[in-house]
Amino acid sequence: MTRINALLLLAVVATAIYLVRVQYESRRLFSELDKAHSQARHLAMDVERLEVEKRAQASPGRVERLAREKLEMRQPNPGITTYMSYPADKAGPTAKADTP
Amino acid sequence: MSRSIQYTSSPLLASRTPVWRSKFVVAMIALGFTGLGARAAYIQIINNDFFQRQGVVRFARTIELPANRGRVLDRNGLILASSVPAASIWAIPEDVDMTPAQSQQLAKLLDMRVGDLDKKLADEDKTFVWVKRQVDSETAKAISALELKGIHQSADYLRQYPEGESAAHIVGFTNVEDKGQEGVELFFNQALTGKSGLRHVIKDGRGRVVEDVGAVVPPLPGEDVQLSIDSKIQFFAYQKLKEAVVNNRAHAGSVVVLDANTGELLAMANYPSYNPQKRTNLSGEQLRNRALTDTFEPGSVMKPFTIGIGLESGRIKPETVIDTAPGSISITGVTIRDAHPHGALSVEQIIQVSSNVGTTKIAMQLQPSEMWTTFAAAGFGERPHIEFKGAVSGRLRPYKTWRPIEQATASYGYGLSASLFQMVRSYTVFSHDGQIIPATLMKTDNPALGAPVFSADTAAKIRKMLHMAAGPGGTGPKAQTIGYSVGGKSGTAYKQIGKGYGSEGNRKYRSWFVGMAPIDKPRIIVGVMLDEPTGGQYFGGQVAAPVFSELVQHSLRIMGVQPDISVRPQIVSIAEDESF
């Protein structure tokens, strides 16, 4: 009888310690998960920031200025443009041109 | 003997203890346990609420999950406005203890004067002072690297406008609280603003979140707003307008580019403008979206409407000849003049050379009610339905109060007023087979549903006249552009100075041009207005028409519209002289 009691006591103590450990572990993991979440949010915001920055760098104003000043390009006009037309029924770059 | 207990058999230790003593000890222990039990019951059952609350106060926190403000996009999905993370710098003045070198460093990072910074931190009675709000994240990192005592940061958002000043009047801006103040940011503030979420958590002693309590309310991010603006056309429009204003030494200017099929606004720019990100020392001059908020007498731009009524009612035909000699006409004692006397003109030529006398003679055949009805149907005197706060209605007085001279002047655009945007929109009547279509700032793929003002036949006839006006012998030949046929009407008006229109040599002008291209099947309508050009030239056909020409050229190319008139191929390579 005494032996069973001792055994049960041991079991109670062991599960209690285990419970504490699991609780601790779960909180630790949760806080890590939380940290990861907030990191993800930060990264998402960084993406947005960089996207805006990229957009600012590629704004028509800047592109035009660089093209004009650095690359010495100028605006095209219809006088120097050849317009290609596709047959209306099969539009698209793969459409086969009719050869006369 | 019976009242005592003997604990040992050793006679040496045989001191006798009274029984009551052991009973007393047992009773004491029992009392102790009862006390504990009672206390436990008190904590767990009777006063449980109080202790629960205390626990919550110490460990439970409610975290607000901020919702991002939606983005403003152009028709191709390019960003016109977006929120990026930023930091706001604040301080507890009492805790701040900086060396002069440190405060100089901080002031430099924050782009502030040291004096201003010191002044902010001087009042030690305050427990909280904003040093600077919405600092970009790089600066924030540099500041936290300084590890200054008493200087703190909190997360914030900063609105970025990559298109800068060219689209400033349309997009508008937000204040530090992220609330829209102008333009689209103001009009769509509710849709753009998200709803922040909530989260109840338990934090441990070190401030880490260890558990969620209850359900999380996720944040509802703001919706993106996609505009009909094409940022390439918008930029080009702003650029060309700016050049024109500067070259003609004008006071200000506006341009509007409208899609003639859908009623979408492709570009709307004003100069002077401002950078929505650096809004210090802004004046109303810069802030105003003139194209929508400033009205003026539309002048010659109205003539096609008067002629249209005549054509529609069958009173005149394009070939009908009207004698405009001697270049002036007297209506109830007031003389109306042409810039140059022309003699006999056909109706087409009246538009082509913009004859006030000819238009007046036609108007005298019309009823005031007819004119008023048509002008009102074309949107004059009515606030335009556009996604912008502050658009004005202009003025169109009821026809019952018109005197004959007023009917005459109204026929060529005086005595009523409209914004540039209203004028541009009114020209959809001619571009859209006689129907006026609603204009919008939102992207749409559906062709607009119009309300008929004229018949398609009349509209086509007027288009031909507008084409003549923008051609050789017209008032705006400078509106012509390579590859595309254009049509349009120029306008020049004296501005009011005090009570009159100034005297000869002391006049102020306003010049504009409104037209469309390609003329047979218009795709765009463009309006250009310059306020007080002082560079020597002031006729709409001279200062505004060239801007129109460039804008048509550029916009149609971006829209992928093929030229409708044959172009003489140009050889463009500029050969360098060969070196020997």
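Which residues in helix 14 of chain B meet which residues in helix 16 of chain B? The legends below take up this contact and two other views.

This is a predicted model, in which local features need pLDDT of at least 70, side-chain atom pairs count only at pLDDT 80 or more, and totals for chains, interfaces and linings use all residues. Residues are numbered from 1 along each chain as its sequence is written, while chains are lettered from A and ligands numbered from 1 in the order in which they are written.

**View 1. Helix 14 and helix 16 of chain B in contact.** Thr359(B), Thr360(B) and Ala363(B) of helix 14 meet Gln407(B), Ala408(B) and Ser411(B) of helix 16 (contact: C-beta atoms, placed from the backbone, within 7 Å). The axes of helix 14 (residues 356-363) and helix 16 (residues 404-411) of chain B come within 8 Å and cross at roughly 125°.

**View 2. An open sheet of three strands in chain B.** The strand order is 3-8-9, with antiparallel pairing (two strands pair if DSSP finds at least two bridges between them; strands are DSSP runs of E, at least two residues, and helices runs of H or I, at least four, numbered from the N terminus). Strand 3 (60-65) and strand 9 (209-217) of chain B stand at the edges with a single partner strand each, so one side of each has no neighbour in the sheet. Six bridges join strand 3 to strand 8 (residues 197-203) of chain B. Leu65(B) has Gly197(B) in strand 8 as its bridge partner.

**View 3. Residues 89-100 of chain A.** Here pLDDT (the predictor's confidence in each residue, from 0 to 100) stays under 50. The model has five contacts beyond four places in sequence for these residues. The mean pLDDT of chain A is 82, and 86% of its residues reach 70 or more.

Terms used
Contact = placed C-beta atoms within 7 Å. Axes fitted to C-alpha atoms, helices over the stretch in contact; angles between N-to-C directions.
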